[in-house]
Amino acid sequence: MYHIKTDKIFEPYVKTFNAGMLSLWAVGQPFFLDWVQQHDEMPLEAKSGQASSILVKPLVAEIKKNNLPDDKKGPFFTELIQNFCILFCIAAFDRLKEDERYKKIKGKPVVEFFRHLRHGCAHGNKFFFKTYKDKKTGKVIEEPTKMAKFKNMEITRDLMGKPENVFFDFFSAGDIPYLIEDISKELADQT
């Protein structure tokens, strides 16, 4: 099996992504549901005062309702994974921008792809591109201004306003590790 190679800045995010995907898979498994039903609630620490909690039984009922025949998953699971992917992309891109090497790679097609993917995630899982005036020339600029490409996929202005979602109509959870690997290769070239 192929092992994805990532830059050290992404390591905590990749671990969280992997654990999150494993956890989301486990949530629908009968052994997990049997175990979790032994509890009424799951406590959550609160620094602001008394701890809060998640009620287990209503959540288990929702999970069971979404377990479909033949290991297919209903809309609840799709939404869980979709939201997890959205949060991952936003956090991982924001971490990339904090790295000093970002300035050297920010115009590369794969980095532009990741940037627009992140912005689409942050705009309700829909692609959104700014239109603005250049401060020096006064010329109207429409994003994307640079090629935004990853493998055989390209982000263009045509994607804006379409009913398709960033996740999963345009991009899939399984594409994320390869995108992070390609970004990591760009970062490695700067060291």
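**Entry 1: His39**

I take buried to mean under 20% relative accessible area and exposed to mean over 50%, with partly exposed in between. The model I am reading is predicted. I looked up His39 and found a relative accessible area of 32%, so His39 is partly exposed. His39 sits in the loop that runs between helix H2 (30–36) and strand E1 (41–44). Leaving out residues up to four places away in sequence, I list Val56 and Lys57 as what His39 touches. I also took the C-alpha separation of His39 and Glu164, which is 39 Å for a pair 125 residues apart along the chain.

**Entry 2: the chain as a whole**

I went through the secondary structure and noted seven helices and six strands. In sequence order I wrote down the pattern α-α-β-β-α-α-α-α-β-β-β-β-α. Along the principal axes, the C-alpha atoms fill a box of roughly 65 × 45 × 40 Å. The chain has 191 residues, and buried residues make up 35% of them. I then looked at contacts between residues at least 6 apart in sequence: 64% of these join residues at least 24 apart.

**Entry 3: Trp25**

Trp25 belongs to helix H1 (residues 11–27). I noted its relative accessibility as 48%, and Trp25 therefore counts as partly exposed. From Trp25 to Ile81 the C-alpha distance is 9.4 Å, although the two are 56 residues apart in sequence.

**Entry 4: H3 against H4**

I checked helix H3 (residues 56–66) against H4 and found that their axes come within 7 Å and cross at roughly 110°. Angles from 65 to 115 degrees count as roughly perpendicular, and H3 and H4 are therefore roughly perpendicular to each other. On the H3 side I recorded Leu59, Glu62, Ile63 and Asn66 in the contact, and on the H4 side Pro75, Phe76 and Phe77. Sorted by class, the contact of H3 with H4 has five nonpolar residues, one polar and one charged.

**Entry 5: H4 against H6**

Next I took helix H4 (residues 75–98) with helix H6 (residues 109–122); the axes are 9 Å apart and the packing angle is about 130°. That angle makes H4 oblique to H6. I noted the crossing of H4 past H6 as left-handed. H4 brings Ile86, Cys89, Ile90, Ala92, Phe93, Asp94 and Leu96 to the contact, while H6 brings Val111, Phe114, Arg115, Leu117, Arg118, Cys121 and Ala122. I count by class eleven nonpolar, no polar and three charged residues in the contact of H4 with H6.

**Entry 6: Arg118**

Arg118 lies in helix H6. Setting aside residues up to four places away in sequence, Arg118 touches Cys89, Ile90, Phe93 and Asp94.

**Entry 7: H6 against H7**

I repeated the axis check for H6 and H7: the axes come within 9 Å and cross at roughly 135°. H6 and H7 are therefore oblique to each other. H6 passes H7 in a left-handed crossing. Val110, Val111, Phe113, Phe114 and Leu117 of H6 make this contact with Leu179, Ile180, Asp182, Ile183 and Glu186 of H7. The classes in the contact of H6 with H7 are eight nonpolar, no polar and two charged.

**Entry 8: nonpolar cores**

In soluble globular proteins, nonpolar side chains tend to be buried together. I looked for such groups here. Which members of the largest nonpolar core touch the most other members? I found Leu96, Phe113, Phe114 and Phe171, out of 36 residues in this core. At least two residues of this core come from each of H4, helix H5 (102–105), H6 and helix H7 (176–188). H4 gives the most to this core, with eight residues.

Residues up to four places away in sequence are not counted, and Phe171 then touches Phe113, Leu117, Phe150, Met153, Val166, Ile176 and Leu179. I also found a second, separate core of seven residues, among them Val27, Leu33, Val56 and Val60.

Conventions: Residues numbered from 1 in each chain as written. Predicted model: local features only at pLDDT ≥ 70, side-chain atom pairs only at ≥ 80, totals over all residues. Heavy atoms only, no water. Axes fitted to C-alpha atoms, helices over the stretch in contact; angles between N-to-C directions. Helix = DSSP H or I, 4+ residues; strand = E, 2+ residues; numbered from the N terminus. Parallel < 35°, antiparallel > 145°, perpendicular 65-115°, else oblique. Left-handed = near helix turned anticlockwise from the far one by under 90°. Contact = heavy atoms within 4.5 Å. Nonpolar A, V, L, I, M, F, W, Y, C, P; charged D, E, K, R; others polar. Core = buried A, V, L, I, M, F, W, Y, C linked by side-chain atoms within 4.5 Å. Buried < 20%, exposed > 50% of the residue type's maximum accessible area, 1.4 Å probe, protein only.
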